[in-house]
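Try each task before reading its solution.

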Amino acid sequence: MPFTPVILWTDALVFLLVFLTSAFIWYVRGNEHLLAPWRRVGHSASGMSALTVLVFFIIVGLLDTLHFRPALEHRNIHGETIYSVEVLSVLDLLLTPLRSNVEKTYSAPLATHLYAKETFSLPDGSQNRAFARLEYGGSHLADPDTEYQSDINTRIAKGIGLGLLFWIILHTLLCLNMARRTHQRFTLCVQSVWRRTTEIPWHAILITLGVILVVIGILSMLATHYHVLGTDKVGQDVLYLSLKSIRVALIIGTLTTLIMLPFALLLGITAGYFRGWIDDVIQYTYTTLNSIPSVLLIAATILMMQVYIETHAEYFETLAERADVRLLCLCIILGITSWTSLCRLLRGETLKLREMEYIQAAHAFGVSHWRIISRHILPNVMHIVLIATVMDFSGLVLAEAVLSYVGVGVDPSMISFGTMINAARLEMAREPMVWWTLLSAFGFMFILVLSANLFADAVQKALDPRVKTFTQNSASAQKNNPAQIPASASAPAPVNKSI
Amino acid sequence: MSVLLEINNLKTILHTSKLPVCAVDGLSFKLNRGETFALLGESGCGKSMTALSIMRLLPDAGEILSGSISLNGADLLQLPESAMRQIRGKQISMIFQEPMLSLNPVMTIAEQIAEVLVQHFRLNKPAAQKRILQLLDQVGIPDAKRRMHEYPFQFSGGMKQRAMIAMALAGEPELLIADEPTTALDVTIQAQVLDLMREIQRQNHMAILLITHDLGVVSEMAQHVAVMYAGEIVELSPRENFFSHPAHPYAQQLFASLPDKQKRNQKLAVISGTVPPLTQAFNGCRFSDRCHYAMPRCHDTAPQWHHTSPAHKVRCHLYDPSSALINITRIPEVAPVPAIPAAQQQKAEPLLQVSSLKVHFPIHQGFLKRIVGQVKAVDGVSLRIVAGKTLALVGESGCGKTTVGKSILQLIQPTAGSVRYNQQELVGMERQRLRPLRSQLQFVFQDPYSSLNPRMRVIEIIQEGMSALNAAIEFTAGASATSTATAFPHEAAVDVLLQYVGLPKEAKWRYPHEFSGGQRQRIAIARALAVNPRLLICDEPTSALDVSVQAQILNLLKSLQNNLGLAYLFITHNISVVEYLADEIAVMYLGRIVEQGLTDEVISKPGHPYTQALLSAVPQIGRASAADMIKLKGDIPSPASPPTGCHFHPRCPMAMPVCRQTYPEASTISTTHITHCHLYSQEHRSNHHEH
């Protein structure tokens with residue numbers, strides 16, 4: 001086999017998350033009344049645009065999650081294949097030119113020369129200080145001064161063309177599919193998309209998709225011969241670093257929430273629902289936990305973890321595994337310190353809900369506590385959970401950056417937005433300033449967090465049953481009833497026998 | 001009399017949904033100086049929007065499309081906003097429905113009134129303080145000098161509404177708009193506030209625009225009545241004419257749907273359907289879909305004003321003099337209502353026997369949460385309910401009647417006493433053993449908006465009890481559950497139940513928010529019926545509903561009782577509902593029952609002074625003034641520190657020295673009628689004989 005798959009801890013958890021999400025989608029598809037609100041998510045233009053962007057981030061993240069170790073060319077003495085100690089992901093494979101084209105040090109975006117002057121020894125023995133040509137960036141140009149501009153322009157034009165071509169293909173496929181489903185003519189479908197008469201705002205999705213494809217097109221044309229976002233101190237391509245950071249951001253954002261949610265839900269709801277001493281215990285627990293400075297707690301845990309990893313090096317076959325365990329540990333400790341605020345919110349909401357009359361009605365039916373919690377209280381606090389989760393997602397992605405800055409974040413060998421920013425901070429004071437590392441980390445984080453927020457906003461709006469259906473259905477409800485009302489009271493059937 | 005306010009063809013729309021909602025559509029009326037003009041109608045008719053249009057305080061989504069509102073001849077709609085601010089509070093002021101929500105909780109009462117005075121009179125501080133004191137005295141706040149510096153939470157509901165009125169009066173307005181001023185208050189407090197408003201109107205010669213849904217309040221307060229329906233006025237009349245000969249079929253049906261004693265054994269007339277959505281454009285009469293007299297032309301031509309007498313006009317085709325076809329003589333008669341046979345008289349063992357039930361809530365205070373006192377919400381209540389009968393528990397808010405209902409069901413743990421259902425003691429029973437009995441006793445809550453889980457569909461709501469008490473149902477009804485082993489094993493049963501409470505079968509797939517208040521209450525009743533109860537505890541099931549909807553629910557409850565032999569414990573403050581529905585009455589005051597007896601006995605010969613006051617405080621149609629009303633002083637005392645002796649003595653007009661010392665024992669007036677009052681005790685009577 002040319003490679004051996006590697007499943008890291010976080011990979012396994014991501015796969016579990018993907019599995020759970022698919023199972024949830026499959027379940028919802030089978031239930032019309034659960035599906036209806038999610039359809040409404042599909043009707044929100046901003047939500048669907050945000051989802052389109054998110055999908056690209058998720059694809060990058062998932063590609064980066066499929067890890068393997070490539071086989072080395074030579075075999076060991078027993079004739080078995082030896083695998084490299086370097087763990088690669090499918091994304092690394094796709095981005096091989098970006099990964100392997102490492103320059104000497106800083107270079108500006110799309111530069112052909114290094115960012116700083118270097119001293120050359122000329123053949124005649126004299127020395128000269130000049131901007132050296134990059135090893136890979138723009139190396140195909142014989143004379144950068146004359147050819148540079150036209151080369152960039154042709155590549156951008158080609159990239160736009162390529163992006164548009166893909167976009168048109170996708171657009172056509174979509175409309176063909178639509179035509180097949182609705183049995184309409186193809187042109188009619190195209191018209192309905194652009195006149196915004198379709199239920200799902202395809203125009204918004206297509207515009208977002210168009211922008212993304214054009215950007216990808218341009219990047220793919222330029223990135224093979226230039227460093228589009230420049231290089232960092234050790235000459236690594238910043239675009240590559242940014243793309244690799246996406247997985248860490250997604251994992252910190254989702255896994256931490258996943259770890260935190262059971263604590264927050266269970267403890268918050270039980271505290272609010274049962275009150276009494278249970279409430280007291282839970283309240284004191286989270287008040288105590290809250291009063292420990294979380295950065296110190298995280299720092300202490302991470303340092304302990306580091307020591308453990310270093311003293312037990314034999315547990316970890318590769319560097320990636322060590323970094324991964326540290327990432328998971330960071331997720332867990334972030335999760336443990338961040339559940340308190342959601343727990344407090346849920347407790348308050350449950351205190352309010354438990355006095356609602358429908359809960360009392362359930363008590364009057366002798367419904368068990370567990371059922372009341374799961375059927376009455378949980379669905380009614382889900383909106384809080386959803387909002388808190390998304391707010392936390394953004395917060396956690398940012399927290400990772402802060403922690404890495406302090407030095408207690410992810411493993412230094414792991415590429416993340418935090419390590420990128422940490423590396424870039426000193427260079428901000430440099431003259432001339434090295435701005436691109438920070439800007440690209442910022443830009444990627446901004447787009448990720450913004451689209452997550454927009455999407456969650458749409459979901460939250462759609463999942464609240466009180467919002468939309470009212471105007472559509474109340475008219476029909478009223479029409480149905482006048483006739484039945486007078487008839488009902490006079491002619492009831494004996495209810496006892498029918499039950 | 002000169003005209004103070006004249007509204008012409010006012011049209012206000014709200015941009016709250018896709019289509020604009022035409023909340024007020026072509027409204028015109030005149031209001032004279034010093035008179036009370038009542039705007040009467042069900043919720044959703046545009047009454048409040050009219051008031052807000054006059055004040056120009058519409059919500060952001062509201063817009064006045066056309067028309068004019070002139071106050072003293074000046075068109076308010078043409079004024080700039082700065083000039084309008086001089087009018088609000090100075091010439092027109094407004095009091096709102098919820099006194100709890102319309103006062104700022106972090107400002108003292110004096111500060112809030114001073115705001116108005118500073119805005120309009122630029123008084124200096126001592127002068128303002130003097131004026132505030134004067135105003136608070138005028139609205140009858142006792143010890144005003146001290147209380148003016150208190151915060152709203154230190155005032156009771158009635159006191160807050162008085163403070164609101166004082167605030168409204170501060171600018172010496174010519175017009176007072178009162179938007180449901182007493183709806184949130186108890187009857188005895190309502191009587192006080194209405195009395196106060198009448199008094200102030202007489203003193204200040206101020207006009208009142210009274211917005212209400214309560215025919216009784218209109219009858220006591222107003223000189224002119226306008227009936228509003230779906231955004232327009234359909235009838236305009238002086239009070240006497242209106243109450244003796246209501247002309248519009250809507251007004252007639254409103255009267256017919258009021259419950260009272262005379263209608264005891266009949267069904268109440270109901271107005272079928274609901275107020276039409278105001279988003280549509282109307283072609284014909286807006287009421288035509290719900291009208292008993294609807295003619296073909298009602299559906300296509302909008303009726304014009306027709307005079308039945310010089311001052312009384314109505315918007316209805318029936319009174320069109322040009323159409324000779326109509327037989328006007330049959331109009332005053334409301335469609336005949338079939339009589340309901342009285343429930344079979346049977347003497348039986350009590351289904352439920354409550355004896356000396358007590359529910360005390362401890363008051364915790366301080367850092368260690370020590371118990372410093374007890375709120376005696378229920379303090380020794382005894383009741384008995386016979387199968388198939390209705391016992392009404394009557395009392396004002398805060399007297400503990402809801403707590404009684406909930407503690408019977410063990411939703412609140414009683415402190416002492418016993419609740420015996422079919423000879424089984426419920427107090428102290430374990431949760432598991434109580435479960436089978438849960439199906440026998442069910443509860444219908446007051447507010448249909450909070451008693452249904454908004455995230456469950458109707459079928460899930462109704463099924464919940466069935467699945468939770470599955471064993472119990474099979475036990476009582478014989479194993480006949482149609483379990484089709486699907487996700488909804490009781491689907492057929494749910495269909496029957498929905499049909500039973502008068503909802504279509506398809507309703508089961510919808511969410512509660514898609515239904516109106518009355519329909520939701522039907523769902524709540526269906527949910528309770530689903531487990532085959534023998535006793536329903538109804539906690540003010542109609543107080544959140546309009547009169548016509550109330551009639552539907554009362555009819556439903558009555559027919560269920562006749563057909564299923566249900567017993568009801570009917571908790572309410574509405575005396576007319578009690579007269580219509582109940583077999584027996586128990587009157588509650590501050591956690592104790594002060595009088596108990598058959599409905600006829602208690603209503604016609606109330607023994608306890610509190611019952612007498614309660615009955616006389618109910619606004620009644622046709623009673624011109626409140627001369628014969630027994631006015632109670634003050635508010636209900638706090639149940640945390642009830643007065644010594646008889647709880648009622650601080651407010652009782654007939655209090656005697658003995659009332660301050662001992663709580664009166666039960667005195668028997670007749671075999672079925674008892675009261676707790678020293679007036680009827682043996683010693684008191686014997687004392688009388690000696691004198």
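**Exercise 1. Find the stretch of chain A where pLDDT stays under 50, and decide how to read it.**

Solution. Keep in mind that this is a predicted model. Where pLDDT is low, predicted coordinates should not be read in detail. Next, look at the elements: helix α18 (residues 495-498) of chain A has the lowest confidence in the chain, with a mean of 37. At the other end, helix α3 (residues 45-63) of chain A comes out highest, at 93. As a whole, chain A averages a pLDDT of 83, and 93% of its residues score at least 70.

**Exercise 2. Sketch chain A in a few numbers: what is its count of helices and strands, and what percentage of its residues is buried?**

Solution. Start with the elements: chain A has 18 helices and 6 strands. Then take the extent, where the C-alpha atoms fill a box of roughly 115 × 65 × 55 Å along the principal axes. Of the 499 residues in chain A, 36% are buried. Finally, check the contacts with a separation of 6 or more: 70% of those in chain A link residues 24 or more positions apart.

**Exercise 3. Is Pro109(A) buried or partly exposed?**

Solution. First place the residue: Pro109(A) sits in the loop between α5 (96-100) and β5 (113-121) of chain A. Now count: Pro109(A) has 18 C-beta neighbours inside 10 Å. Being buried takes 20 or more, and exposed means 12 or fewer. So Pro109(A) is partly exposed. Its contacts, leaving aside neighbours within four places in sequence, are His227(A), Val228(A), Leu229(A), Gly230(A) and Trp436(A). For a distance check, go 60 residues along the chain to Ile169(A): the two C-alpha atoms are separated by 31 Å.

**Exercise 4. Which residues touch the most other members of the largest nonpolar core?**

Solution. That core holds 228 residues, and the ones to pick are Ile113(B) and Leu497(B). Helix α6 (residues 157-169) of chain B gives the most to this core, with 8 residues. Now zoom in on Ile113(B): beyond four places in sequence, it touches Ile132(B), Leu135(B), Ala166(B), Met167(B) and Ala170(B). There's also a second, separate core of 73 residues, which includes Ala50(A), Met420(A), Met445(A) and Phe455(A).

**Exercise 5. Work out the surroundings of strand β21 (residues 584-589) of chain B: which strands pair with β21(B)?**

Solution. Take the parallel partner: strand β15 (residues 390-394) of chain B pairs with β21(B) over 4 bridges. Here Val394(B) stands opposite Val587(B). Then the antiparallel one: 6 bridges join β21(B) to strand β22 (residues 592-598) of chain B. In that pairing, Ile585(B) has Gly597(B) as its bridge partner. The β21(B)-β22(B) hairpin has 2 residues between the strands, and Leu590(B) takes a positive phi near 50 degrees. Last, sort the side chains: Glu584(B), Ala586(B) and Met588(B) point one way, while Ile585(B), Val587(B) and Tyr589(B) point the other, and all are buried.

**Exercise 6. Why can helix α12 (residues 401-408) of chain B be called largely enclosed?**

Solution. Count the buried residues: α12(B) has 8 of 8, so the rest of the structure largely encloses it. Among them are Lys401(B), Lys406(B) and Ile408(B). Step past the helix and you meet Gln410(B), with a positive phi near 65 degrees.

Technical notes
Residues are numbered from 1 along each chain as its sequence is written. Chains are lettered from A and ligands numbered from 1 in the order in which they are written. This is a predicted model: local features need pLDDT of at least 70, side-chain atom pairs count only at pLDDT 80 or more; totals for chains, interfaces and linings use all residues. pLDDT is the predictor's confidence in each residue, from 0 to 100. Two residues are in contact if their C-beta atoms, placed from the backbone, lie within 7 Å. A nonpolar core is a set of buried Ala, Val, Leu, Ile, Met, Phe, Trp, Tyr and Cys residues joined through C-beta atoms within 7 Å. Two strands pair if DSSP finds at least two bridges between them.
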